[in-house]
Amino acid sequence: MHPIYNTKMNESIIDELSARVKALSAKTEQEIEDLRVRLLGKKGEITKLFEEFRTVPAEQKRLFGQRLNVLKNEALQQLNALRESLSAGDSAASGEDLTMPGDAMPLGSRHPISITREEILSIYKKFGYSVAEGPEIEDDWHVFGALNFPPEHPARDMQDTFFINNQTDNNILLRTHTSSIQVRTMEKGQLPIRVVCPGRVFRNEAISARAHCIFHQVEGLYIDKNVSFADLKQAVLLFAQEMFGPDTQIRLRPSYFPFTEPSAEVDVSCNICKGKGCNICKGTGWLEIMGCGMVDPNVLEANGIDSKVYSGFAFGMGVERIAMLKWQVKDLREYFENDVRFLQEFATVV
Ligand code: PHE
């Protein structure tokens with residue numbers, strides 16, 4: 001040990017302080033600040049040693065100067081380390097018990113619309129269809145014109161369609177069906193075509209338990225040589241049986257769409273009452289699931305496809321409706337409210 005002349009400043013004081021500094025711990029920001037003040041504040045222990053340094057004899061200044069600087073750095077480092085471990089939630093510094101069991105993280109679940117959409121698509125993928133998507137903001141041609149809607153058709157009315165008026169162009173609108181993707185697919189000119197087109201669609205409707213201004217569709221298009229109505233019927237039947245069970249039956253009711261001729265509405269036998277009649281199927285034993293038909297030759301021609309060589313069928317369904325039938329959801333609005341209790345009901349559906 002070096003001889004010292006000053007009674008206050010000696011090496012063992014510095015050693016002792018250094019050991020204390022290295023063992024410092026704190027649980028809160030305030031505790032760290034208190035430690036800083038105690039050591040390095042105006043009247044802090046280390047600050048005081050620096051003051052006493054002035055009285056150290058010249059031949060010892062070098063030794064004590066070095067030791068004091070080291071001590072001060074140790075204190076600064078330790079305080080920084082405490083701050084860091086506190087903000088990182090370091091349990092060692094805050095004295096947490098690492099052996100405590102953790103809190104279970106609540107798991108999210110997939111939305112029933114996503115589940116249903118994926119299921120519909122995976123069935124058609126198995127049949128050899130590919131998936132095509134397209135823009136939600138469309139023009140009149142892709143939603144109506146190319147699909148044989150006459151200029152005065154009511155769907156073109158503001159009451160049914162959301163138009164986006166931008167002064168120069170008033171034929172920009174939110175698509176009312178995903179048939180617009182089918183037009184975009186036909187435009188590419190690659191035949192044959194076998195696509196399913198999922199997407200969000202928009203209609204200017206009052207929101208109720210059975211209708212919403214936003215919903216989801218999956219539409220499909222099959223174009224090749226010699227495609228017949230029998231092919232359409234078979235495709236619809238196989239889909240219905242994959243979706244609602246192998247005993248499901250279908251029936252086709254004549255209908256009308258500008259882009260298909262002939263057109264039909266597809267019903268499936270009610271899988272709840274097995275066709276006997278219940279309140280879900282309103283006693284009829286049948287539930288409507290989609291619209292379909294043979295692509296109108298006008299549509300083929302409008303999209304550059306020779307209708308004398310090619311024919312095809314199209315179908316379209318609402319994902320919300322399929323999900324309602326599958327899980328007996330009574331109110332369409334539930335899909336949009338994101339009530340966790342509702343969503344959790346689908347947590348076990350894979
Ligand atoms: N596009 C129609 C609709 O949105 C559905 C449909 C598609 C009907 C294809 C027939 C053929 O209502």
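This is a predicted model: local features need pLDDT of at least 70, side-chain atom pairs count only at pLDDT 80 or more; totals for chains, interfaces and linings use all residues.
Residues are numbered from 1 along each chain as its sequence is written, and side-chain values use heavy atoms, without hydrogens and water.

I then examined two further contacts. An oxygen atom of the ligand is 2.9 Å from an N or O atom in the side chain of Gln217, and a polar side-chain atom of Arg203 lies 2.9 Å from a ligand oxygen atom. On its own the ligand has 320 Å² of accessible area (Shrake-Rupley method, 1.4 Å probe), of which the protein covers 89%.

Next I asked which elements give two or more residues to the shell around the ligand. They are β6 (214-224), β9 (286-295) and β10 (311-318), strands being DSSP runs of E with at least two residues. The largest share, three residues, comes from β10.

I turned to β6 and noted that eight of its 11 residues are buried, that is, under 20% relative accessible area (1.4 Å probe, protein chains only). Strand β5 (residues 193-202) pairs with β6 in the antiparallel sense over 10 bridges; pairing requires at least two DSSP bridges. Here Val195 stands opposite Leu221 in β6. Strands β6 and β10 also run antiparallel, joined by eight bridges, and Gly220 stands opposite Phe315 in β10.

Note on methods: A polar contact is a pair of N or O atoms within 3.5 Å; within protein, one must be able to donate a hydrogen and the other to accept it, and residues adjacent in sequence count only if both atoms are side-chain atoms. Helices (H or I, at least four residues) and strands (E, at least two) are DSSP runs, numbered from the N terminus. Buried means under 20% relative accessible area, exposed over 50%, partly exposed in between (1.4 Å probe, protein chains only).
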